[in-house]
Amino acid sequence: MSRPQTAQGLIHWFQVGAGIRWIRRAAVLAGTLAVLAGSTARAEVRVVGTDLLGVDVSRVLYEFSSRAEFPLALTLDGSRPGLDHLKSGTADLALLVLAPDEARAVAGFESVTLAYHCVVVLVSAVVPLEQVTLDQLRDIFGEGGAGNLSRWGDLGLGGDIAASAIVPHVPVAGQGITAEFFRQTVLQERPFRSSVVRDASPAEMALRLAGDRRALALAPARPSNAPGLKIVPVAVRTNEPAYSPTPENLHSGDYPLGLPLRIVFRRESERMLRPLLRFLLSDDFAPLLEHAGVIPLAPAARRQQSLAFEKL
């Protein structure tokens, strides 16, 4: 724009020039704000998977999302749908519980163990049973097995308890995966005996077992506030060591009745997911897992898993 020669034209020239300069500055400012907004805004991280953890876990994850300004969208409606979402690219991270023969389904993804579902064998503290094998459990709980273990003497116990009948207990259908996991892995799809007692809740099981030397139960964990019960170590076979369901024995594979809860994600998403991964493996999140009926990794193992993320 050429500079005018008259006073009136000069005034108009300054006004127009100032307007153009203001428009340009405004455009630059708007562009800068847009860039800043784009750099700070974060798309929702889509988390899918198991429906076995309960509403408290979902609530705490949303609280973490708000506190850490880490937007989450949760769809915890089952491991199989979750795996499908992850494979199709409609999810960023999945919490999956898969049968042992399905572990290959997550090949090509990063897979980290978060905790374990397990089957715990319980008896009354008055029963002098020191260990049990998988074969013995199969013949106590399963229909149509080769053996027929129905009395404590069949497990090698002597004295006045030897002739006492064993009454097997399992949770009712819908109370977690304990009964179904045991049926698939130990009974090898055979049904439970008709004599098996179904307990509606851990509290009901604890009440029935306390002081009852006939009962032998399968549970996801030892019920809280149940000092009258004890956990029976499990051996794979006779003459092999028996192990208790500690976090260390589950993680090493020594305890034979554990099923991992896995964190599964794409390797290229690790940096974006790192705050969430750290929280899932933190000491703050572990009690939520225990409350949901699963056994979290031991603290040392959780720290080791967290450090491994930094190297991806």
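1. In this predicted model, the side chains of R208 and E204 form a salt bridge in which the closest N and O atoms lie 3.3 Å apart. Both residues belong to helix α6, which spans residues 202-209, and because they are four residues apart in that helix, about one helical turn separates them. With a relative accessibility of 35%, R208 counts as partly exposed, and E204, at 26%, is partly exposed as well.

2. A salt bridge also joins R214 and D212, where the N to O distance is again given as 3.3 Å. Here the two partners fall into separate classes of accessibility: R214 is partly exposed at 42%, whereas D212, with a relative accessible area of 18%, is buried, since the cut-off for that class is under 20%.

3. The side chains of E240 and R237 meet in a further salt bridge, with 3.1 Å from N to O. The reader will find E240 partly exposed, at 31% relative accessibility, and R237 likewise partly exposed, with a relative accessible area of 48%.

4. Beyond these individual pairs, D56, R59 and E63 are linked in a network of salt bridges. A search of the whole structure finds 15 salt bridges, and those described in this note are among them.

5. Turning to the strands, the model contains an open sheet of six strands whose pairing is mixed and whose order reads β2-β1-β3-β12-β4-β13. The edges are taken by β2 (72-75) and β13 (295-296), and each of these has a single partner strand, so one side of each is left without a neighbour in the sheet.

6. Within this sheet, strand β1 (residues 45-49) pairs with strand β3 (residues 93-97) in the parallel sense, and three bridges connect the two. In general, the strands of a sheet pair through backbone hydrogen bonds, in either a parallel or an antiparallel manner.

Terms used: Residues numbered from 1 in each chain as written. Predicted model: local features only at pLDDT ≥ 70, side-chain atom pairs only at ≥ 80, totals over all residues. Heavy atoms only, no water. Salt bridge = Lys/Arg side-chain N within 4 Å of Asp/Glu carboxyl O. Buried < 20%, exposed > 50% of the residue type's maximum accessible area, 1.4 Å probe, protein only. Pairing = 2+ DSSP bridges.
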